[in-house]
Amino acid sequence: MAKENHIAVMEIDDQNSFTADQINTPKFSVNVLQLLKSAQMQHGLRFGDYVRYRRYCTARLRRLYKSLKFTHGRGKYTKRAIAVSTVTEVRFLHLVLYTAERAWSHAMEKKTLPEGPNARQRSYLIGRLRKAVRWATLFQELCAIKGDSRTSLEAEAYASYMKGNLLFEQDQHWDIALKCFKSARAVYEELGKYGDLENQVLCRERVEELEPSIRYCLHKIGESNLQTSELVHIGEMEGPALDLFKAKLEAAMAEARSQQAASMTEFYWLGQRFPISNAKTRVSILKAQELEKDINGPAADSLPAEKKLVLFDKIFSAYNDARSYIRNDLVTTGNSEKMKDDLSGLDKAIGAILGQRTIERNQLLVKIAKSKLSKIHVDKNEKMTKPEELVRLYDLLLQNTADLSDLVSSGRDRKPEEVAFSEECELKSSVFRAERCFYLAKSYSLAGKRAEAYVLYCKARSLADAALKKLQSSNNADEVMIKELKMLYDECRSNSCIEHATGIMEENKAPENLSKKMSSISLTGNDKKLDKLLMEKLDSYESVVGDPATKSIPRIGVFPPTFQAVPRNPIVIDLAYNAIDFPSLENRMKKDKKGFISRLWR
């Protein structure tokens, strides 16, 4: 009885009876997957913007209703149902499909809220998914009669996918959800064998998107040996079909971390052990340590740089959450000095690890920038790195190293491990200083300042030599860093020689270049080597843009125009004017009349 009730949840009320005489109606063709994928990628889902996609579906439906003249009345709303007899052209099928998409995108919009949906929003989300299932089922039924065989198969896979999403979100009937996802996968696997290349790629992508949901359903049923901690590797793919799965995955991972954190009682750092009493702090630290395994593990070399940067951001977020919990505990702690010392030490240890990861992330950015510095490794659409950007990154690394050294050096009683860690930071700082000086010299070289570049290359070589001697004398010498410093030393030496030679050549050629430029100056602006201007030969046809095979500038006319002599009235200079003695005109000037009172103030 319970089984029948579960199945009844998925049933869609069918108010239309499909007769046998409707089978011979004309068949319509809709490439469902290609149509939806194109709409999703062009209208927001490339970046996970479900609001934009829902608005697009609404606008699309409005246009379809108007073009089909299938509106629901003016003023008073009168519902018009879509039946088999209504579908007289393919746009009616589009109408049903985009209505299902609008409901689904509205549900996903609530699902992907920053803080997750609350109880009321979750209830609304489930309602929208149910509506999407109803419209998808109606689309399947209409395509079974009005569509061709391929359209009918795609509609069936789409309806199964929507039903699986609803049950997946409801956390119930995992066996039915598994059956729906497997049914959709089987259809797309079969459709991927035929059609053009684009269709095969889309079907293969949809099969890959469905695979994590199928494995999760098997995990919930108990038919899979997959561990919860291994589920994170399944969700590394991107796509709209995986957003529901990722939300479930995060909840499962949080539950697994809580169980694992129960056995984590202390944190070890530089020979010291700090007790952890807060469960939230343990979970955050454990999450960060799991992410660190992905960066420093055996598969780290195969990870792309962009993926590593995303992992670094997640590590920073987890450690910052742990520090916020620790500081909240410090505020609420009583007068127990031992507990305060333990929490302060734990906060210092987490801060030091954050500093180390920040340095590693900036070193990764330096590596990316160095790969783009050479034109050989840069794609056409990729921006080339300038030496000034590397100088800025090394400034950040020097600041990070100084902050980390100050943090570890703070405190009254310094242990040998902390002293050794500070010395390691100082050694890294000397290496970064040499690299910074080298790329600063490169920037001066590109600017044509040979003397400054030569001095900086010599300074970088001396800094690299000093850092190399320190590294070779240390107990735990990094062989990779030693090799890089030797290469830097050789490059500094070769570049300083090049700058010296280039500077001498430029100095010797300066008078010659100046004389050549002076000899090419024309006072009239006319050059005999050049052809006539276009304005001088208007009687013969010639292209205005010049020869397309050469990069010559079109010569239409002289600009700015040359000076020309123009006639004007003669200028007469009156030399006798300065020698004439003119009579006085004071007796003809008007005199001011002054009263009696004004005379007193003279």
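The questions below concern a predicted model.

User: How are helices α7 and α8 oriented relative to each other?

Analyst: The axes of α7 (residues 174-191) and α8 (residues 197-221) come within 9 Å and cross at roughly 160°. Angles over 145 degrees count as roughly antiparallel. The two helices, α7 and α8, are therefore roughly antiparallel.

User: Is Glu 154, the salt-bridge partner of Arg 150, buried or exposed?

Analyst: The side chains of Arg 150 and Glu 154 meet at 3.5 Å, N to O. Both belong to helix α6 (residues 149-170), where a spacing of four residues separates them by about one helical turn. Arg 150 is partly exposed at 26% relative accessible area. Buried means under 20%, and because Glu 154 has a relative accessible area of 1%, this residue is buried.

User: Which helices hold Arg 327 and Asp 347?

Analyst: A salt bridge joins the side chains of Arg 327 and Asp 347, at 3.4 Å from N to O. The pair ties together parts that are 20 residues apart in sequence, because Arg 327 lies in helix α11 and Asp 347 in helix α12.

User: Where does Met 535 of the nonpolar surface patch lie?

Analyst: Met 535 forms this patch with Leu 538 and Ile 556, and together they have about 310 Å² of accessible area. Met 535 counts as exposed because its relative accessibility is 51%. Met 535 lies in the loop between α16 (479-519) and α17 (596-600).

Key:
Residues numbered from 1 in each chain as written. Predicted model: local features only at pLDDT ≥ 70, side-chain atom pairs only at ≥ 80, totals over all residues. Heavy atoms only, no water. Patch = residues over 30% accessible without salt bridge, like charges linked within 9 Å, V, L, I, M, F, W, Y side chains within 5 Å. Areas by Shrake-Rupley, 256 points an atom, 1.4 Å probe, with all protein chains shown as cover. Salt bridge = Lys/Arg side-chain N within 4 Å of Asp/Glu carboxyl O. Buried < 20%, exposed > 50% of the residue type's maximum accessible area, 1.4 Å probe, protein only. Axes fitted to C-alpha atoms, helices over the stretch in contact; angles between N-to-C directions. Parallel < 35°, antiparallel > 145°, perpendicular 65-115°, else oblique.
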